[in-house]
Each structure stands twice: as structure tokens, then as C-alpha cells.
Amino acid sequence: MPEPGPSTAPATGTQPEEADRLRELLRTPAYQKTLVFSALIGVPVSLAAFWFLASLHELEHLMWADLPSGLGWDTPPWWWPLPLLTLAGICVGLVVRYLPGAGGHVPAGGLHAAGLPPVTLPGVVLAAVASLPLGATLGPEAPLIALGGGLALLFGQLARAPVTAQGTALLGAAGAAAALPAIFGNPLVGAVILIEVAGVGGPRLFAVMLPALLSSGIGSLVFTGFGRWTGLSIGKLTLTPAGPTPRLDAGDVLWAIPIAAVIGIGVYLILKTGRLAAVFVSKRPVVRTMACALAAGACGSIYTLAVGRTPVDVASSGQATLARLVEDPHSWGVGALIAVLLCKAVAYGLCLGSLRGGPVFPALFLGAATGVLLAPLPGLGVVPGLAAGMAAAAAAALRLPVSSAVLVVLLMGSAAMTPVVLLAAVVGFVTAQLLPAGRPLPPLGKPAPADPGSGPPDDRAPRTAGDRTEGA
């Protein structure tokens, strides 16, 4: 019998076997064609994502800046969100009721891997256009993932690419990866998000990465402390950005833990509200989606009446407002911060369950606003509070701790806050995960029962496993 070579490693050493499998896969003509096709579809998908985002931005500017200005207001009046979000609710309800795919995934379920077929793209685009420019407290990342993945699969069909489960998954992921950098501004964030969203590694990924993130944050603190105390260098690779770098103190680290836990609980309650709203609107999507959207608009109106600031602070994704908050956090008084946190949290929960969009940017804003509100605590700085708040809120809302940490570090523009970001992301994620699971979402694509005129509903009728979400 010949001696085992590199490709026949014993069972106790699986790493050579995995390496051989990877080499064999890379040599497969079908996989090589997939790589080439993925590179080619990146161009049209990126262009489509660009024009999609540009159109959303122009429509939002028209609705919330040009129209109020043309009517003589410097900022939208307090009642402005009410008719816009009512219209958004009606349009999204009609899309959910009548178009394939129900307008895309329900945002309360978090981000999903690109798995929607091309036939659902019109509904996804229409629901996003009806939601986001008209004031939904959601971001565009979920429709982008669906749009990129769906276009990639459509191009694959037009090119008559072989249809296999693996090939379809690869094309969908490639299309989504081509679309995401348009909104996050960095291809690394999109790639990391898709790794976690797709569930690569399953629960083992989180089981390995959570201790790794936590120990990495602690290790960074130890190395930073010893380097500062001793003046010695270990020759590590460092890239120092231009401008002053905030200094991380012990108080920042200690406060990050309870702040992240509180934010995790708050985000859990928001997500629970979103799931309840999703179940509520699933039975009569047009009327009840309109009601939830109107209630979200009322949150913006109440905020403006209470503090005199623009309702855009509440009735939007929070992306532009987050930039203003980070640039000048001291321009927000305590009352304004409390009001925007309460009103935007309620609007966010309602929109998560009724309209269509993504959960990232509102979560980042709520976390940042909480960090700024709590920054006067003894020993806590504004910048560490911002970093910890955004990391905890994003990790709790998305259930993607690695992606959330990478996103916040890149947004901060400096690695100085990385230890606080890692600790807050782990604490926020674990806190939200340890709380009781929320009610399951209604099955996608079956948003409403039969019309009332066709017969009375019967809760005793046989149901599928997904129908159990509707309850009695």
C-alpha cells in the first residue's frame, strides 16, 4: 500500500484535506467560470445600485426639502410626515398584497442573504421607493441586497448559466456584494456583512468569534496600557491617520459595558415591537400598513411639536442626521436627545414591521444619540460614548457582531476606539440574544389571508408551520 501523500491526510489532521478541497474547487472549470461571471456582473449591478440610491436620495430631497421650501417653509412643518407616511403605508400595503415577493423581507427579521428570485424585483423596488423617500425610519441596505442578488440571478438566466443550488447562491452573494459598497462606502463592510448574513460557519462562527472579539478587545487594552506605562514598543504594524486621535481611558471602557447592556435591552424591545407590528399588518396589509406608517409619522410630528426641531430627525433613516450629530454633538440639548430617542425608537419599531427597508442606519443613530446623552457620566468621553453606542445598537439590531464592529471602526475613521467598539458589540449582541426570542414573523409571500367577503376566517382550519405566527 503506498504511503499517504498530502491529499490523504489522516482523520486527525483535517486541515490538509480542507486545503486540498479548496485547490480542487479552484481548479474546477465551473467555479472558474463563476468567478469570471461574478466579476462581469459587478459592473451592471453596481451601476444599478448607484442609480437606485441616487434616485432615492433625489426623491427624499424633493419630498423633505424642495417641496417645503417651495411652499414657503425653511423646514418641514410638524404635520408634514403624516400625509407622506400615510401614502407610503398605502403603497407598500398594495405591493405586499398583490406583487410577488411581498416587497422583500420584513425589516424586523434583520438582514437576509440574497435569495429572492428576479420576479420579485419590481415589488422590492416599488416598496423601497414608497417607503424610504416618504419618511420610513429605515435604511436602504436590505433592498440593495435584494436588488443586487436578484439582478445577478437575472443576468445569469439571460446568459443561460447552468442552474445549480451552489451556483445560484454564489451569484446571489456576488450581486449583493457588488451593490452594498455603494451605501457603506467600503467593500470590506459589505463582504463581512454577507459572510455573517449568509451564516457561513453557522452557530460555530458566533461561538468562535464572540470570545475572539472579546479577548481581542481586552488584549488591545492591555497592550495599549502597557505601552503607555512603560514607553516600550513591540514593533506592531500601525497606520496613524491625520489629525488628533482620541485617548481611551479606563472610565470609557468601564462605562461601555453597562451602556452596551442597556442599549441591547432597548434594541430588543424595538425589535419586539417590529415583530408585533409585522404580525398585525400581515392579516390586512393595506389598511394596517397604512395605520402603522401613520403612527410612525405621528412620532415625527410629536417630536417637532415638543422640541421645535425638524421632523426629518425622526422620519428618515438617520444617516444624514447621524453625520450632523457626530460633527457637533453639543448642538443637541438633553431634551432634544431624549425626545429623538423616544420618538425615533417607536417610529423605528413600527416601520420595521410594516414598511420596507433596512435596519442599519436607524440603529446606528439611536446608539450614537444614547452615547452622546450619556457622555457627561464621570470618566466617559463623547467619542467613546458614540463608538460604544453605535457598536452595541448595531450588533443588537442586526445580530451581526463582527460586521457591526468593522462598520463602526471604519465609520469612526480611527482605530483608537477599537477596544471599546469590540467590547460594546459583544455585550450588546449577547444581551439581545439572551433575552426571550420574539414572536416569529409571518411567512414571506403570504402576507394576507383570503378577503373577508370570500368567507369568515376560521382559526381552527389546518395551517402550515409558518402560519403559526398569526396566532388566534
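The model is predicted. The protein chain contains 17 helices and zero strands, and 46% of its 472 residues are buried.

- The secondary structure of the protein chain consists of 17 helices, with zero strands.
- Of the contacts between residues at least 6 apart in sequence, 79% link residues at least 24 apart.

**Helix 10 and helix 15**

- Helix 10, spanning residues 250-282, packs with helix 15, spanning residues 382-398, at an angle of about 35°. The axes of helix 10 and helix 15 lie 8 Å apart.
- The crossing of helix 10 and helix 15 is right-handed.
- Helix 10 contributes Asp 252, Ala 256, Ala 260, Ile 263, Gly 264, Val 267 and Leu 271 to this contact. From helix 15 come Pro 384, Ala 388, Gly 389, Ala 392, Ala 393, Ala 396 and Ala 397.
- By class, the residues in the contact of helix 10 with helix 15 comprise eleven nonpolar, two polar and one charged.

**Helix 11 and helix 13**

- The axes of helix 11 (residues 285-307) and helix 13 (residues 334-354) approach within 9 Å and cross at roughly 175°.
- Because angles over 145 degrees count as roughly antiparallel, helix 11 is roughly antiparallel to helix 13.
- On the helix 11 side, the contact involves Thr 289, Cys 292, Ala 293, Ala 295, Ala 296, Cys 299, Ile 302, Tyr 303 and Val 307. Helix 13 supplies residues including Gly 335, Ala 336, Cys 343, Leu 350, Cys 351 and Ser 354.
- The contact of helix 11 with helix 13 has 16 nonpolar residues, three polar residues and no charged residues.

**Arg 309**

- Arg 309 is located in the loop between helix 11 and helix 12, the latter covering 319-327.
- The relative accessibility of Arg 309 is 26%, so this residue counts as partly exposed.
- Leaving aside residues up to four places away in sequence, Arg 309 touches Tyr 303, Thr 304, Ser 331, Trp 332 and Ala 336. Among these, Tyr 303 takes part from helix 11, and Ala 336 from helix 13, in the contact of that helix pair.
- Arg 309 and Pro 76 are 233 residues apart along the chain, and their C-alpha atoms are separated by 9.6 Å.

Terms used. Residues are numbered from 1 along each chain as its sequence is written. This is a predicted model: local features need pLDDT of at least 70, side-chain atom pairs count only at pLDDT 80 or more; totals for chains, interfaces and linings use all residues. Side-chain values use heavy atoms; hydrogens and water are left out. Helices (H or I, at least four residues) and strands (E, at least two) are DSSP runs, numbered from the N terminus. Buried means under 20% relative accessible area, exposed over 50%, partly exposed in between (1.4 Å probe, protein chains only). Contact means heavy atoms within 4.5 Å. Axes are lines fitted to C-alpha atoms, for helices over the stretch in contact, and angles run from 0 to 180 degrees between N-to-C directions. A crossing is left-handed if the near helix is turned anticlockwise from the far one by less than a right angle, and right-handed if clockwise. Ala, Val, Leu, Ile, Met, Phe, Trp, Tyr, Cys and Pro count as nonpolar, Asp, Glu, Lys and Arg as charged, and the others, Gly among them, as polar. Angles under 35 degrees count as roughly parallel, over 145 as roughly antiparallel, 65 to 115 as roughly perpendicular and the rest as oblique.
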